[in-house]
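Please consider the sequence and the three-dimensional structure shown here. The account that follows is meant to be read alongside them.

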Amino acid sequence: MNDWLDAEQRVERAQQLSESQRWAEALAEIDAALAINPTNATWHAHRGMLLEELDRWEDAADAFAESLKIEPSDRDTAVALGSTLYRLGRLPQAIQVFERLAKLYPNFEPAYCHRVGIYAELANHEQAEQMFYIAQELNESCPHCFVHIADSLMVRGQSEKALFCWKRALEIDPGYVGVNRQIGKSYRLQGRFDLARKYYLREVRDDPGNIDLLYELADLALESGETAAATAKLAHILELDPGHIESRFMLGKIWLRRGQPGQALVCFEAIESLGFDRFDLESFDLCVGDALFRLGRLSEARRRFEEAATDGPCEPDALLLLGDCLVAMAKPADAADAYRCYLAETPDDAVVHHKLAVCLGQTGLHGGALEHCKQALKIDSGLKAAAHTAVVAHLGLAQWSEARAMMRTLRRDDRKDPKLRQLRRRLRSCMARHYWRRLTGLIGLRTGSD
């Protein structure tokens with residue numbers, strides 16, 4: 001008899017500890033009680049809730065399952081087990097729990113509501129809708145149902161219907177956590193930034209210390225062109241969490257956009273001092289290289305661009321900047337290799353075809369230079385620089401008539417272009433040298449024959 005009394009007292013003590021959020025101590029008391037009486041379903045359920053508070057989700061699922069073995073008809077424990085299995089990603093098992101619950105209690109709305117979300121996550125949207133309509137017949141004012149079906153609708157591209165359902169959830173429960181954020185995301189995808197900001201701010205008011213939420217709001221400000229607002233929000237995040245790498249990275253990119261590479265580099269170096277894995281931030285080496293390049297630190301920039309060129313999504317941009325860096329280092333042959341690799345990924349970039357042509361011309365490959373000038377002009381017929389370089393390539397190939405023809409076209413299109421005068425002088429000089437060599441050659445031949 002004393003043992004049973006001791007068990008009851010321990011459960012009471014566990015309840016008091018739970019109210020003080022002393023979860024581990026409460027769990028120890030429940031475990032002691034269950035050691036005395038292991039057949040009490042309520043205590044096993046209580047144990048499951050304590051394990052959830054301690055983020056021991058697998059153990060919590062086992063505790064709820066043990067409770068249901070003793071009391072199979074307990075609706076609340078069944079919901080707790082199904083929800084925990086859902087959180088653990090054990091979706092088929094969660095569905096089984098709710099299906100069994102629906103058989104026991106056909107009019108119990110949560111047995112259908114939870115399956116809306118599970119089926120949506122499994123991309124079984126037809127079943128999700130079926131569960132939604134059954135749940136609506138039982139309780140048309142359940143905000144969870146509207147949130148779950150909104151997620152399903154959004155995945156299927158039905159954004160307006162999803163917005164309606166999220167807004168309906170807020171009408172039922174204005175404090176529903178995360179819904180304002182979802183609405184904000186939806187409006188952002190539509191490019192309706194003012195509405196997106198409105199709903200994000202509502203969510204921030206309810207959860208002002210949520211770093212991820214604040215970061216999304218800063219990203220939204222940047223996307224909508226409000227650079228100053230984005231900078232202020234990022235500064236606020238770094239006050240709350242100085243080690244928030246993503247915010248420092250975004251701030252560095254803003255400094256780059258403003259043309260202040262020194263400030264950008266300070267941000268990037270601070271990130272590296274935190275000991276992060278550079279692959280965690282897409283385009284990190286590219287951005288660092290860009291800052292170094294603008295500061296004239298070419299060797300360091302080159303190394304960064306070469307590293308970025310192997311990082312996948314950044315590769316084309318990294319190759320382009322690598323080429324530009326190598327040009328600045330007076331390495332046209334190496335730059336040409338980088339530009340070729342870039343054009344293999346992005347063949348319709350007229351400007352880079354011209355950059356490659358210039359490099360080839362500087363290395364004496366005038367035929368290749370001319371081909372890339374032609375390709376650039378085919379893509380963009382108004383690219384005057386490519387036409388100028390084509391004239392130079394013709395000169396390098398001693399194609400005088402082609403060079404003169406292109407010069408006439410350029411003069412007809414724009415007589416005021418100051419570069420044409422210099423190009424014309426170069427054409428005349430090249431032709432004069434050519435004819436002089438021919439003339440002196442002929443004289444030499446005649447003298448020799450005499």
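The paragraphs below treat aromatic pairs, salt bridges and a charged surface patch in turn.

The structure is a predicted model, in which local features need pLDDT of at least 70 and side-chain atom pairs count only at pLDDT 80 or more, while totals for chains, interfaces and linings use all residues. Residues are numbered from 1 along each chain as its sequence is written, and side-chain values use heavy atoms, with hydrogens and water left out.

A pair of aromatic rings is described by the distance of the centres and the angle of the planes. Rings of Phe, Tyr and Trp (its six-membered ring) pair if their centres lie within 6.5 Å; planes under 30 degrees apart count as stacked, over 60 as edge-to-face and the rest as tilted. By this rule the model holds eight aromatic pairs. In one of these, the centres of phenylalanine 132 and phenylalanine 146 are 5.5 Å apart and the planes stand at 75 degrees, so the pair is edge-to-face. Because phenylalanine 132 belongs to helix H8 (residues 125-138) and phenylalanine 146 to helix H9 (residues 143-155), the pair ties together parts that are 14 residues apart in sequence. Helices here are DSSP runs (H or I, at least four residues), numbered from the N terminus. Phenylalanine 132 is buried at 7%, and phenylalanine 146 is buried at 6%.

Another edge-to-face pair joins phenylalanine 293 and phenylalanine 305, with 6.3 Å from centre to centre and 80 degrees between the planes. Here phenylalanine 293 in helix H17 (residues 284-294) is linked with phenylalanine 305 in helix H18 (residues 298-308), twelve residues apart. Phenylalanine 305 is buried, its relative accessible area being 0%. Returning to helix H8, one finds Phe132 in an aromatic cluster with Tyr133 and Phe146.

Side chains of opposite charge can pair when their charged atoms come close. A salt bridge is counted when a side-chain nitrogen of Lys or Arg lies within 4 Å of a carboxyl oxygen of Asp or Glu, and the count comes to 24 salt bridges. Glutamate 129 bridges to arginine 156, with the closest N and O atoms 2.8 Å apart. Glutamate 129 is partly exposed at 25% relative accessible area, and arginine 156 is partly exposed at 30%.

Within helix H17, arginine 294 and aspartate 290 lie four residues apart, about one turn of the helix, and their side chains meet in a salt bridge of 3.1 Å, N to O. Arginine 294 is partly exposed at 42% relative accessibility, whereas aspartate 290 is buried at 15%.

A further salt bridge connects aspartate 324 and lysine 355, with the closest N and O atoms 3.0 Å apart. It links distant parts of the chain, since aspartate 324 is in helix H19 and lysine 355 in helix H21 (residues 350-362), 31 residues apart. Aspartate 324 is buried at 18%, while lysine 355 is partly exposed at 25%.Finally, Asp212, Glu246, Asp277 and Asp280 gather in a patch of negative charge on the surface. Such a patch joins like charges within 9 Å, from residues with over 30% relative accessible area and no salt bridge.

Methods
Patches are made of residues with over 30% relative accessible area and no salt bridge: like charges are joined within 9 Å, nonpolar side chains (Val, Leu, Ile, Met, Phe, Trp, Tyr) within 5 Å. Accessible areas come from the Shrake-Rupley method with a 1.4 Å probe; for residues, only the protein chains shown count as cover. Lys and Arg count as positive and Asp and Glu as negative; His and the chain ends are not counted. The place of a charge is taken as NZ of Lys, CZ of Arg, CG of Asp or CD of Glu. Helices (H or I, at least four residues) and strands (E, at least two) are DSSP runs, numbered from the N terminus. Buried means under 20% relative accessible area, exposed over 50%, partly exposed in between (1.4 Å probe, protein chains only).
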